[in-house]
Each structure stands twice: as C-alpha cells, then as structure tokens.
Amino acid sequence: MRLLACCLVCLVTGNRQSRPWIVSDELWSLVEPLLPKPGPKKVEGRPRVPDRQARCGILFVLHTGIQWEYLPQELGFGSGMTCWRRLAAWNEAGVWDRLHALLLEKLRSKDRLGWERAVIDSARAGCPAGPKSGPSPVDRARPGSKHHLIVDGQGIPLAVSLTGGNRNDVTQLEPLLDKIPAVAGRVGRPRRRPDALLADRGYDHDKYRRLLWQRGIRPVIAKRGEPHGTGLGIFRYVVERTIAWLHGFRRLRVRWERRDDIHEGFLGLAVCLITYRHVQRLC
C-alpha cells in the first residue's frame, strides 16, 4: 500500500503543472488569522509542525483521497495523524464556516453574489456506518450519506450539510437556509436570504412552499406528475455543476471517515476552496 501511495504522489506531481494542495500566500493570509492559537507544549520533544504545512497535508488528502497513514512525510506535511488532529480542531473551532463567510463578504462587496435566486439539491456518497449515515435508497445493504447544497444563481456555494443517505431531500431545506451566513460587504444590513429558491420534484411539498413564503422567499419548485421540460433546467444546472466540483475532490466521492466531524471538515474546506475560486475569478 505504501508503494501504491508513492506511485500516486509521482503521478500527481509529475503530470500537473500546479499542485493544488500548496496554499498560496493570498489564501493563507485569509486563513491564518482564523486559526486557533496552539496551547502551551506539555512535553519537550519534536517541534510543532507549522499550521501552513499541516493545511497542505490536509489539502493533499482532500485532493488525492489517500489514507491518512500513507500521507507522504517526505513532502513536508507532517504525519497523517498530525494533519488529522488539526483538521478536527479547526473544524471544531468553526474555521471553515468563518472563512466561507469572509469569502462571501468579498464577493458581495463587489456585487458578485446572485441573490435574485438560489438553487438547492443533494447527492449521495457511499460510506462506512456512522451517526450521519443510513441505508442507501438504491442499495439498502450498504450505508450511505448525502451532501446537501444550496448555491446562488451562479453556483457559488451558500451552505452545505451532511445527513444519512436515507434522509428525504426536503428535510434539509430549512436547515440549509438557516446555515446561510449573514453576508456583509455592502451598506445596510447583512443579507442571508435569496429572493427565490429553485428546486426539483423532490422538494414538491405544499408545507415547505408555505414555509418559504413565510420567510419572504418565492418557491420555484417542479411539481410531481407534470411532464419534464418545465424550463428550470437552465437555472438548476448550476447546483449540479457545483456538486460535481465538490466530488472532484477525491476524498468526498466516497466517504471513508466514520467520524462525522472529520467528513464535515473536508466538506466545509472544499466549499471554501470552490468559493475562493469564484473570488479569484470575479474579484
């Protein structure tokens, strides 16, 4: 297995001009102030692996899907367990949530967030048994998880959540709306509510339409029993594209972590990276 990991490193580093797990100075300047300060060292020993190197190791695992124990230490990331602990600590401290809110604020300050509509959808991922997993609707012999995502009209991620694979998509409609951060960046109150929400037939419930109206959001949801070709596809493709971007990170295609917080840490980090790409492109 170690040989396989080294071959993977050679393949990735040899065939790509850029190495996506290397943290740029610009991105690090945003991340570093958000990281919790390390506590005092209790026992003298090896020096602490710098946070920037550990974050590169976490990104390496996210991009390549390699197991923690096979993380190549010769690349200077530190051990897999060190990177695992940092990811758990940073996720617990809410680093990715705050970074995501900061990136959205940058986009809103340039009037680059499309609040006129948002789009919601979900995608399944196989996984080992864990608290946020459940029987897969397509194969009940195997556990599964779901990634639920809401994006703006351009596909910029606004919120993401993790549930068991047997959870109905519509049950995450309100939790996702509640997870959208209050985005400042313009004169006036921070904004966190889109004008309209687009969704497929899986969200076709009158109860949730009423809840959206009560929030001041216009529901645009395809109805069951009606022929396909309603025209929503020209707007809904953006969320499917963003889900494809999420699952472009190999570690998210199949969930290997039994602990929910570790997988949620990867999920939150991936959302930040996708949002940061939009910042680079639009700002």
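Which residues is serine 122 in contact with, leaving aside its neighbours within four places in sequence? They are Lys146, His147, His148, Asp169, Tyr203 and Ile243; contact means heavy atoms within 4.5 Å. This is a predicted model, in which local features need pLDDT of at least 70, side-chain atom pairs count only at pLDDT 80 or more, and totals for chains, interfaces and linings use all residues. Residues are numbered from 1 along each chain as its sequence is written, and side-chain values use heavy atoms, with hydrogens and water left out.

Serine 122 lies in strand E1, residues 118–126. Helices (H or I, at least four residues) and strands (E, at least two) are DSSP runs, numbered from the N terminus.

Which residues is serine 122 in contact with, leaving aside its neighbours within four places in sequence? They are Lys146, His147, His148, Asp169, Tyr203 and Ile243. Contact means heavy atoms within 4.5 Å. The model is predicted: local features need pLDDT of at least 70, side-chain atom pairs count only at pLDDT 80 or more, and totals for chains, interfaces and linings use all residues. Residues are numbered from 1 along each chain as its sequence is written, and side-chain values use heavy atoms, with hydrogens and water left out.

Serine 122 lies in strand E1, residues 118–126. Helices (H or I, at least four residues) and strands (E, at least two) are DSSP runs, numbered from the N terminus. Buried means under 20% relative accessible area, exposed over 50%, and partly exposed in between, with a 1.4 Å probe and protein chains only. The side chain of serine 122 makes a polar contact of 2.9 Å with that of aspartate 169. Such a contact is a pair of N or O atoms within 3.5 Å; within protein, one must be able to donate a hydrogen and the other to accept it, and residues adjacent in sequence count only if both atoms are side-chain atoms.

Now the whole chain. The protein has 10 helices and 6 strands. Of its 283 residues, 49% are buried. Among contacts between residues at least 6 apart in sequence, 66% join residues at least 24 apart.

The largest nonpolar core has 79 residues, and Leu62, Ile150 and Phe266 touch the most other members. Helix H10 (residues 260–282) gives the most to this core, with 12 residues. A nonpolar core is a set of buried Ala, Val, Leu, Ile, Met, Phe, Trp, Tyr and Cys residues joined through side-chain atoms within 4.5 Å. Beyond four places in sequence, the contacts of isoleucine 150 include Ala118, Val119 and Ile120. Leu176, Leu177 and Ile180 are also among them.

H10 returns at the second largest pocket, where helix H5 (95–109), strand E4 (157–164) and H10 each give two or more residues to the lining. E4 gives the most, with 5 residues. The pocket holds about 350 Å³ of space. Of its 17 lining residues, the closest to the centre are Asp97, Val160, Lys179, Glu264 and Gly268. A pocket is an open set of points on a 1 Å grid over the protein atoms alone, where a 1.4 Å probe fits, with protein on both sides within 12 Å along at least five of seven lines; lining residues have an atom within 4 Å of a point. The lining has 9 nonpolar, 5 polar and 3 charged residues.

Arginine 209 sits in helix H7, residues 206–214. Arginine 209 counts as buried because its relative accessibility is 13%. Its side chain joins that of aspartate 204 through a polar contact of 2.7 Å. Arginine 209 is also in contact with Pro219, Ile221, Ala222 and Lys223.

Two loops remain. Aspartate 111 lies between H5 and E1. At 55% relative accessibility, aspartate 111 counts as exposed. Its phi is near 60°, a positive value in a residue other than glycine. Most residues other than glycine have a negative phi. Valine 49 lies in the loop between helix H2 (25–31) and helix H3 (51–64). The C-alpha atoms of valine 49 and serine 79 are separated by 9.0 Å, with the two 30 residues apart along the chain.

Terms used: Grid points are joined across faces, edges and corners, and a volume is the space filled by probe spheres set on the points. Ala, Val, Leu, Ile, Met, Phe, Trp, Tyr, Cys and Pro count as nonpolar, Asp, Glu, Lys and Arg as charged, and the others, Gly among them, as polar.
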